[in-house]
Amino acid sequence: LQNIAVVHHEEGAYREALDTYQEALSLAESLEQPGRVVQLCGNLGNLYRYLGDLSAGLTVIERGLKLAREEDNPYMVGLLLVLLGDVHLANERWDLAEEALTEAVAVTVASESSTEEVDARLGLTHLHLETRAYDLAREEATRAHEAARRAELRGHEAQAFALLAAAHGES
């Protein structure tokens with residue numbers, strides 16, 4: 001079911017994706033599969049965030065994050081913290097976004113989750129640009145760019161470079 005939901009999501013059939021993710025989540029819970037529940041909370045939370053239902057996204061991401069911590073799954077903790085930071089950014093809750101994204105950086109560095117580390121650093125860069133903390137934005141964009149380069153994440157590297165340019169242009 002999870003794979004079917006992902007296909008619906010990628011095809012832009014969002015209602016079908018939401019329904020299928022919910023069904024898969026219920027099934028995973030009834031089968032007591034905490035790892036799958038954590039993954040589905042991430043998928044579902046990300047889709048809710050994308051669709052602008054930030055309240056639903058926040059609820060399901062926090063639920064998944066709690067379970068990921070209980071299951072001692074640092075990869076999913078880092079990923080869900082990035083998603084949580086993104087929701088807080090969208091809600092303009094700068095303090096909560098910074099808290100989630102800063103923790104995400106620490107967790108992803110410790111667990112060597114390169115893509116998620118760069119995502120967290122890009123989120124922090126966006127936060128600093130939004131709050132007009134341009135020096136901090138430049139510092140974080142530089143860190144994101146370096147991490148993306150080391151991990152050979154060319155798309156992320158380009159994003160970091162663009163944000164670095166934006167931070168220089170704003171100051």
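Which residue's side chain meets that of R154 in a salt bridge? The partner is E157, at 2.9 Å from N to O. A salt bridge here is a side-chain nitrogen of Lys or Arg within 4 Å of a carboxyl oxygen of Asp or Glu.

Before going on, some ground rules. This is a predicted model, in which local features need pLDDT of at least 70, side-chain atom pairs count only at pLDDT 80 or more, and totals for chains, interfaces and linings use all residues. Residues are numbered from 1 along each chain as its sequence is written, and side-chain values use heavy atoms, with hydrogens and water left out.

Now the chain as a whole. It has nine helices and zero strands. Helices (H or I, at least four residues) and strands (E, at least two) are DSSP runs, numbered from the N terminus. The C-alpha atoms fill a box of roughly 50 × 30 × 30 Å along the principal axes. With 171 residues, a compact globule would have a radius of gyration near 16 Å, and the chain agrees, at 16 Å. That radius is taken over C-alpha atoms, and the globule rule is 2.2 Å times the number of residues to the power 0.38.

Of the 171 residues, 44% count as buried. Buried means under 20% relative accessible area, exposed over 50%, and partly exposed in between, with a 1.4 Å probe and protein chains only.

Next, helix α4, residues 54-70. Its 17 residues reach 24 Å from the first C-alpha to the last, close to the 24 Å expected at 1.5 Å a residue. The expected span is 1.5 Å times one less than the number of residues. The buried residues of α4 are L54, A56, G57, V60, I61, G64, L65, L67 and A68. They lie on the same side of α4 because they cover an arc of only 165 degrees around the axis. The arc is that of the directions from the helix axis to the C-beta atoms. What covers these buried residues includes α3 (34-51) and α5 (74-90). On the face turned away from the buried side sit the exposed residues S55, T59, K66 and E70. Just after α4, D72 takes a positive phi of about 55 degrees.

Helix α7, residues 114-130, is mostly covered, with 12 of its 17 residues buried. Among them are V118, L122, L124 and L127, but also E116, E117 and R121. Just after α7, R132 takes a positive phi of about 60 degrees.

Back to salt bridges. How many does a search of the whole structure find? The search finds 11. One of the pairs is R69 with E103, at 2.8 Å from N to O. That pair links distant parts of the chain, with R69 in helix α4 and E103 in helix α6 (residues 94-110), 34 residues apart. R69 is partly exposed, at 40% relative accessible area, and E103 is also partly exposed, at 28%.

D135 and R138 form another, with their closest N and O atoms 2.1 Å apart. Both lie in helix α8 (residues 134-150), three residues apart, about one turn of the helix. D135 is exposed at 52%, whereas R138 is buried at 15%.

Finally, the pair I opened with: R154 and E157 both lie in helix α9 (residues 154-170), three residues apart. R154 counts as exposed, at 52% relative accessibility, and E157 as buried, at 15%. Elsewhere, salt bridges that share partners join E117, R121, E139, E140 and R143 into one network.

Definitions and conventions:
Contact = heavy atoms within 4.5 Å.
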